[in-house]
Amino acid sequence: MIYEESDMKFDFPDDNTTIKFDDNVEFYRKLFNALPGSKAVDFITLDKEFAAFIEIKNCMGNEGNNRWRIFPDNQKKETSHTATDLEGRDSLDIEISEKTAMTLAALTGIVSFGESRPSLRELRNIADNVILRYLKDGKKKKYVILLLEGDFGSHTRSKKMIMSNLQRSIKQKLKWLNCQVSVVDSDTYPSKIFRIVS
Amino acid sequence: MKIQALMLKNFMLFEDARFDWSDNINIICGENSTGKTTLLKVMYSLLKPISKGSPEMATKEMAERSFVEKLQGVFRPDEMKIGRLVSRVQGSNRAEFCAILDKKQKISMGFGSRQENHADIKLDLSENGQSFDAIYIPTKEMISTTQYFNSLYEQYHIDFEEMYYDLNKLLERPLSKGPNTSEQNEVLHSFEKIMKGQIIQKDKKFYLKMKGKGEFEMGLVSDGYRKLSMIIYMILSGSLNKDTILFWDEPETNMNPKMIQPIVKALTVLARMGVQIFVTTHDYFVQQEFNMLSVYPELNINNLDLRFISLYFDDDSDRLTYEMKNSSSDLAHNAIMHEFDAMYDREQGFIYDI
């Protein structure tokens, strides 16, 4: 099935269960957003063997305003010269780690309602699966994936070095979770999980 | 004196190569066994016999002996047979190589694979008695072993390449008279800032004198600091001056990445002073600190000419080949940067079971 996010189109296998989590009105908008600072990843997709939490950052054409975000731990936040307001924004490693944590908190919240909220039924199936099958089973893989589009490479650092650096930092921040962290772009993304259509 | 070009034919790994060098800084990169150190050694072997302080070569025979012995000492082939340095092919072969120097000077050398200690030497030198020095800094430091090394080297067969002996002789020189130039002081300041002390010599032994802490013999100082101490002392003794050609094999050895930036800075000051520099490296930081000067001209205020040389084996022909660019960003084969990307690819492969 094709989904759109950040001016890009993604094709997830029809056999898998995929949701565009932060688009959900009944739970995400009406309930979860009551929590100040609430945020979540763009996609959750479930395969027989793995669950993946996917965040899309398409910075193509707007690299200048986002360059400070590729340096872990807000290293460049104070010294960046961008046209955008940085209030409440963080470097990508912090943002993705927090989004992952909050996504799991949101899924736990959904499970907590049990059968009491029929409007959450579709989400509850996914939340039950994530919490009770994928998270509970240490052998099932849990992926946290940041797709980072944009020409961030420089003369002294290739984009892969930048992605490795972010990946290490996110992994460090998510060491409380049994998961694989992966930072990729349109050249290196895992096609077994999704395909970029355009 | 500057080396403008080096031509090699059938010499070790090099079948047929010509390198046109920068007068300022040359950075030679490549995986192991691609000939980086060979390039430094062969140039040193050609230059050192005619450098300042070397014995005069009154006859052709003396010249031949001088170059052959230097080549033997620097490369140390089995049984000192220089023919072993000729590229290995079935049957006999002949190596030819030459260094083209400024003022249309040229040193050429050639020998066959069956030669033991005879070579054809051709010297086209316009000056009688050269005023330059060639300094080779090998990967191992020498300053902690200066005291007895030369007498040991002269009396016994110890398996050290001759660059170590030559370097040790330079370290035995006393301090030079007169004030340093401003460039020399700049290099000294850069290194002494890293080391938080000064280098002193007493009875052929070196010490690092740190303010408020006293004097530390070199055996008690880290390998990285010992290397910097060698450079400092060679500046203080006048060995490393504007007329020097400096060959430094892997300056990163035993150095923390934090020490690389000041070292590169000091090398650029030396180049500005007039030193022609040849560096081999496996190190990301060394390569990229120099690369910054190339790609951001505002950092290269003296407009130093930097050349990056990448040696590699061609995938199709499996032959050693090379490319030479003014910036490492332009190198199509950059083993250091490729390995960073390859490591990322391996990690993704592991994550996704690919």
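# Briefing: the A–B interface, salt bridges and enclosed space

Across the interface of chain B and chain A, two salt bridges are found. The model is predicted. About 1,700 Å² is buried between chain B and chain A. The structure holds 36 salt bridges over all chains.

**Interface: extent**

- Chain A brings 21 residues to the contact, and chain B brings 18.
- Tyr344(B), Ile351(B) and Tyr352(B) stand out on the chain B side. Together they supply 43% of the area that chain B buries against chain A, more than any other three residues.
- Carbon and sulfur atoms give 52% of the area buried between the two chains.

**Interface: polar links and elements**

- Lys141(A) and Asp353(B) form a salt bridge through their side chains, with 3.0 Å from N to O.
- Polar contacts link 14 residue pairs across the interface of chain B and chain A, counting pairs with both residues at pLDDT 80 or more.
- Two helices of chain B, α8 (284–295) and α9 (335–351), each give two or more residues to the side that touches chain A.
- The biggest contribution on that side is from α9(B), with nine residues.
- By class, the chain B side that touches chain A has 10 nonpolar, four polar and four charged residues.

**Salt bridge within chain A**

- Glu95(A) and Arg69(A) meet through their side chains in a salt bridge, at 2.0 Å from N to O.
- This pair links distant parts of the chain, with the two residues 26 apart.
- Glu95(A) sits in helix α3 (residues 92–112) of chain A. Arg69(A) sits in the loop between α2 (63–66) and α3 of chain A.

**Largest pocket**

- Three helices of chain B each give two or more residues to the pocket lining: α2 (60–75), α3 (146–155) and α4 (162–171).
- The largest share of the pocket lining comes from α2(B), which gives seven residues.
- The pocket lining has 13 charged, 10 nonpolar and eight polar residues.

**Largest cavity**

- One cavity of 30 Å³ or more is counted.
- The largest cavity is lined by Pro251(B), Ile260(B), Ile263(B), Val264(B), Leu267(B), Val286(B) and Phe290(B).
- Helices α7 (257–273) and α8 of chain B each supply at least two residues of the cavity lining.
- The largest share of that lining is from α7(B), with four residues.
- The cavity lining has seven nonpolar residues, with no polar and no charged ones.

**Drawing the parts together**

- The linings are made up as follows: the largest pocket has 13 charged residues, whereas the lining of the largest cavity has no charged residues.

Methods. Residues are numbered from 1 along each chain as its sequence is written. Chains are lettered from A and ligands numbered from 1 in the order in which they are written. This is a predicted model: local features need pLDDT of at least 70, side-chain atom pairs count only at pLDDT 80 or more; totals for chains, interfaces and linings use all residues. Side-chain values use heavy atoms; hydrogens and water are left out. Contact means heavy atoms within 4.5 Å. Buried area is the accessible area (1.4 Å probe) that two parts lose on being put together, summed over both. A salt bridge is a side-chain nitrogen of Lys or Arg within 4 Å of a carboxyl oxygen of Asp or Glu. A polar contact is a pair of N or O atoms within 3.5 Å; within protein, one must be able to donate a hydrogen and the other to accept it, and residues adjacent in sequence count only if both atoms are side-chain atoms. Ala, Val, Leu, Ile, Met, Phe, Trp, Tyr, Cys and Pro count as nonpolar, Asp, Glu, Lys and Arg as charged, and the others, Gly among them, as polar. On a 1 Å grid over the protein atoms alone, a cavity is a set of points where a 1.4 Å probe fits but cannot get out, and a pocket is an open set with protein on both sides within 12 Å along at least five of seven lines; lining residues have an atom within 4 Å of a point. Grid points are joined across faces, edges and corners, and a volume is the space filled by probe spheres set on the points.
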